[in-house]
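Thanks for coming. I will go through a few features of one structure, so please have the sequence and the model open.

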Amino acid sequence: MKRFFIITGILLLLAVVCAGVVGFNLFRDSAIKQFFATMKPPAATVSIVVAKPANWTPGVEAIGTVNAVRGVDLTVETAGIVKDILFHANQKVAADAVLLQLDDAVEKADLVAQKAQAASDQAALTRAIELQRRGVGTDATLDAARAAADASAAQVNKLQAVLDQKQLSAPFGGTVGIPKIDIGQYLAPGNSVVTIQDLDTMRVDFTVPEQQLPLLKIGQTVRIGGNVADMPFAGSIRGIDPKIDPASRLVSIRGEVANPEGKLTPGQFVQIRVELPQENNVISVPQTAVTSSLYGDYVFVVVPAKPADAGAAAPAKPEDGKAGAEKPAGDAAKPQVDASKPASDTAKAADNAAKPADKTAADTAKPAEAGQQPALVLSQVFVKLGRRNNGMVEITEGLKAGDQVVTAGQNRLFNGMSVAVDNTIDPSKSANEQVQQ
């Protein structure tokens, strides 16, 4: 019998332990669920910009190629052996400067002989004129002498022209490139010798869609640079092709820009922007503020939370502070009801009890002041985009002046999320610039 009671007690103990473990697990799971159900996520830190009307300079953007206003590849007109190269790479030469000399010994000898023949024919013509004046010469003899003299003079000019072709001269002032020939090399007509480019003034050729053709006219300002954010060169439109390419529906435009420092190079790829007349009261935001999705383009706008949300987000309730203040006050009353202590001890205890009450009231006032600052939440707003310019995008519909638009961190945000504003991060600047600041 005694053994039976021992076994029964052990079984009951095991049952109580198992029931306690199961009950603890159920209580723990319920507490965890309740904690996560009532837990508010921490406020995300974002940077904002206030949407406001501003001046807007629209423009037509394109890409193009830079070329020199005057630039050619020089070739020889006649065959010959290279005798002398009178320039070096990247040399600035004046107009009509001799750059190349071919072997011209034969042409010089022919010219000397022809000049002697021309002098003889000219002397014969002089004698024929004198004989005709005396009446002893015939008209036929005079005409033959005059024809021979004219032919000899023409032949001299021809040989002089052939001799000049043995020299290659600069057609205009500019900068020559790298020589493509060597001394002693045989050149045939048309062989390229060197390129010469006038780098003082450059022209840029680009194309725009036919829909933008009505916006352009001769004389409009053209800005050129390596990228859209940096366009240091300014010029103007000099030509607009009157014909639109029917295959591509593009029209060719040509602009000119000064290049005094020689920073632009012929053949260089550039970004081009044709500036249009300025517009006023245009609402725009940084392009980083806009997020694109399958449903459209949208931005996040920071707005004050509703009263219910703001109450839930408050760090402390004023009633808690009041309760804390009443509790020290109740403790302060205890020394007063103790009749066994002297009156001086009672007053001292009352003074000491008043200090925690004042401190509690001051601590209660701090959360109350913090609760006066409205909590901020996000509102997802779909917008319609317009033109883009210098990292900004025009908002044609969806925003109004004064809206606080989030400019960074949109990937981790959602509608109705609590946020805190921190404008120390500027997405329009690079990380290096922000570190230096």
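**The sheet**

Let me start with four strands, which make up an open sheet; its order is E2-E15-E20-E19, and the pairing is antiparallel. This is a predicted model, so please keep that in mind throughout. At the edges sit strand E2, residues 53–56, and strand E19, residues 384–389, and each of them pairs on one side only. From one strand to the next, the twist averages 60°.

Strand E15, residues 279–286, and strand E20, residues 392–397, run antiparallel and are joined by three bridges. Which residue of E20 stands opposite Ser 284? That is Glu 394.

Next, a helix residue. Gln 114 lies in helix H2, which covers residues 105–134. Is Gln 114 buried or exposed? Its relative accessible area is 16%, and the cut-off for buried is under 20%, so Gln 114 counts as buried. Leaving aside residues up to four places away in sequence, Gln 114 touches Ser 152, Gln 155, Val 156 and Leu 159.

Last, the aromatic rings. How many aromatic pairs does a search of the whole structure find? The search finds two. In the pair of Tyr 298 and Phe 300, the ring centres are 5.6 Å apart and the planes are at 85°, so this pair is edge-to-face. Both Tyr 298 and Phe 300 are buried. Together with Phe 382, Tyr 298 and Phe 300 form one aromatic cluster.

Notes
Residues are numbered from 1 along each chain as its sequence is written. This is a predicted model: local features need pLDDT of at least 70, side-chain atom pairs count only at pLDDT 80 or more; totals for chains, interfaces and linings use all residues. Side-chain values use heavy atoms; hydrogens and water are left out. Two strands pair if DSSP finds at least two bridges between them. Helices (H or I, at least four residues) and strands (E, at least two) are DSSP runs, numbered from the N terminus. Axes are lines fitted to C-alpha atoms, for helices over the stretch in contact, and angles run from 0 to 180 degrees between N-to-C directions. Buried means under 20% relative accessible area, exposed over 50%, partly exposed in between (1.4 Å probe, protein chains only). Contact means heavy atoms within 4.5 Å. Rings of Phe, Tyr and Trp (its six-membered ring) pair if their centres lie within 6.5 Å; planes under 30 degrees apart count as stacked, over 60 as edge-to-face and the rest as tilted.
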